[in-house]
Amino acid sequence: MNDRQLAHFAVLAETLSFRDAATRLNIVQPALSMSIKRLEEEFGVLLFERTTREVRLTDAGRAALAEVRKALTHLELAKQRAMMAVEGTIGRLAIGFVGSASFVVLPSVVRAFRADYPDVELALQESSGRRVLDLVASGELDLGLVRMPAVYNASVTIEPLERGHFVAVVPSEQRWLAEPGCDEIHLSELSDAPFINYSFNESPMLHMAVVNACREAGFLPEIVQEAIQVQTLISLVESGIGVGLVPSASMRYKPSDVRFFNLKHPTPACETSLAVAYNRNQLSAVGRNFLEILFSKRLNEPCVR
């Protein structure tokens, strides 16, 4: 029994004419007769009464017809959903992200993706960059939005999305700055300030980038506190614990008790970017569709000199 036989049965039941049914199905009458005969053999009952003048459904045929129509409908839906899965218009997409991705990139991309693919289930998970990369490598996440520099993983492809740079974030009282009224400072002006840095265990590359930026400015930072996410670091600065370096995209976030300062003469260690991480060999059609939207909205924020 196959879907073609079921379709032959349904059309013949509607037309009650082998000639009309064969025409509609675009097959010859002998082929239709053979198909119905085989279906009746598989059912073990007669589905039609045939005379030289008419074709009628038997009681068994009438009982089977409703279920056959349901089966054909379900088969068609199954075919449609299979094609939708191939095209990436249905399914589930698990995305990990670091906190700084939520400033601009994540909201705009998710909004656009939901508009284009409303039947895809999105599972969003905030975590540290290192954890996101580990979950992408293991296949538990399809994609990750991470902050660069990040720990290298051979199985994960990382592509930059938003070029940026570190800026200084300082409590609004600015007691560590020689010229508190400016909007741009030398990083060396913060050499005596206590620093809040990124967790070495969770974001070792970002941690070392901050240390290297300070070293290139002529000092080693006195690290008094570590934070996993950018927003947490800014909140700690807001509480007056110390100062920190955060991605320039953070300047869109406007807490009341901190100020952001661009760095004069930033070195390469001050460069940081948001990037997308994925396993090229395991990316689903849904993931490819998300990447297409993500790259179409790629930001280009050059480092302010």
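Student: Before anything else, how do I read an aromatic pair, and what cut-offs apply?

Tutor: Rings of Phe, Tyr and Trp (its six-membered ring) pair if their centres lie within 6.5 Å; planes under 30 degrees apart count as stacked, over 60 as edge-to-face, and the rest as tilted. A pair of aromatic rings is described by the distance of the centres and the angle of the planes. Keep in mind that this is a predicted model, where local features need pLDDT of at least 70 and side-chain atom pairs count only at pLDDT 80 or more, while totals for chains, interfaces and linings use all residues. Residues are numbered from 1 along each chain as its sequence is written, and side-chain values use heavy atoms, with hydrogens and water left out.

Student: Okay, how many aromatic pairs does that rule give here?

Tutor: It gives four aromatic pairs. Take Phe9 and Phe48: their pair is edge-to-face, at 5.4 Å centre to centre with 65 degrees between the planes. Phe9 sits in helix α1 and Phe48 in strand β1 (residues 48–50), so this pair ties together parts that are 39 residues apart in sequence. Helices (H or I, at least four residues) and strands (E, at least two) are DSSP runs, numbered from the N terminus.

Student: What does the pair of Phe195 and Phe219 look like?

Tutor: Their ring centres are 6.1 Å apart and the planes stand at 45 degrees, so that pair is tilted. It links distant parts of the chain: Phe195 is in strand β8 (residues 194–198), and Phe219 is in the loop between α7 and β9 (222–227), 24 residues apart. Phe195 and Phe219 are both buried.

Student: Next, cavities. How is one found?

Tutor: On a 1 Å grid over the protein atoms alone, a cavity is a set of points where a 1.4 Å probe fits but cannot get out, and lining residues have an atom within 4 Å of a point. Grid points are joined across faces, edges and corners, and a volume is the space filled by probe spheres set on the points. Here the count is one cavity of 30 Å³ or more. About 160 Å³ of space lies in the largest cavity.

Student: Which residues line the largest cavity?

Tutor: There are 20 of them, and Val98, Gly129, Arg147, Ser203 and Leu206 lie nearest its centre. Helices α6 (129–138) and α7 (204–216) each supply at least two lining residues. By class, the lining has twelve nonpolar, five polar and three charged residues. For those classes, Ala, Val, Leu, Ile, Met, Phe, Trp, Tyr, Cys and Pro count as nonpolar, Asp, Glu, Lys and Arg as charged, and the others, Gly among them, as polar.

Student: Where is Arg147, and what is it in contact with?

Tutor: Arg147 is in strand β5 (residues 143–148), and it counts as buried at 6% relative accessibility. Contact means heavy atoms within 4.5 Å. Leaving aside neighbours within four places in sequence, Arg147 has contacts that include Val98, Glu162, Leu206 and Thr272. Arg147 and Thr272 are 125 residues apart in sequence, yet 7.0 Å apart in space, C-alpha to C-alpha.

Student: How many disulfides are there?

Tutor: A disulfide is a pair of cysteine sulfur atoms within 2.5 Å, and this structure holds zero. For Cys214, the closest cysteine sulfur is in Cys270, 8.3 Å away, which is too far for a bond. Cys214 is buried at 0% relative accessibility, and Cys270 is buried at 3%.

Student: What about the backbone: which residues does the cis peptide bond join?

Tutor: Met148 and Pro149, with omega about 5 degrees. Pro149 is in the loop between β5 and β6 (157–171).

Student: And where is phi positive in a residue other than glycine?

Tutor: One case is Asn26, with phi near 60 degrees, in the loop between α2 (18–25) and α3 (29–43). Asn26 is exposed, at 71% relative accessibility. Another is His265, with phi near 50 degrees, in the loop between β11 (258–263) and β12 (271–278). His265 is exposed as well, with a relative accessible area of 66%.

Definitions and conventions
On a 1 Å grid over the protein atoms alone, a cavity is a set of points where a 1.4 Å probe fits but cannot get out, and a pocket is an open set with protein on both sides within 12 Å along at least five of seven lines; lining residues have an atom within 4 Å of a point. Buried means under 20% relative accessible area, exposed over 50%, partly exposed in between (1.4 Å probe, protein chains only).
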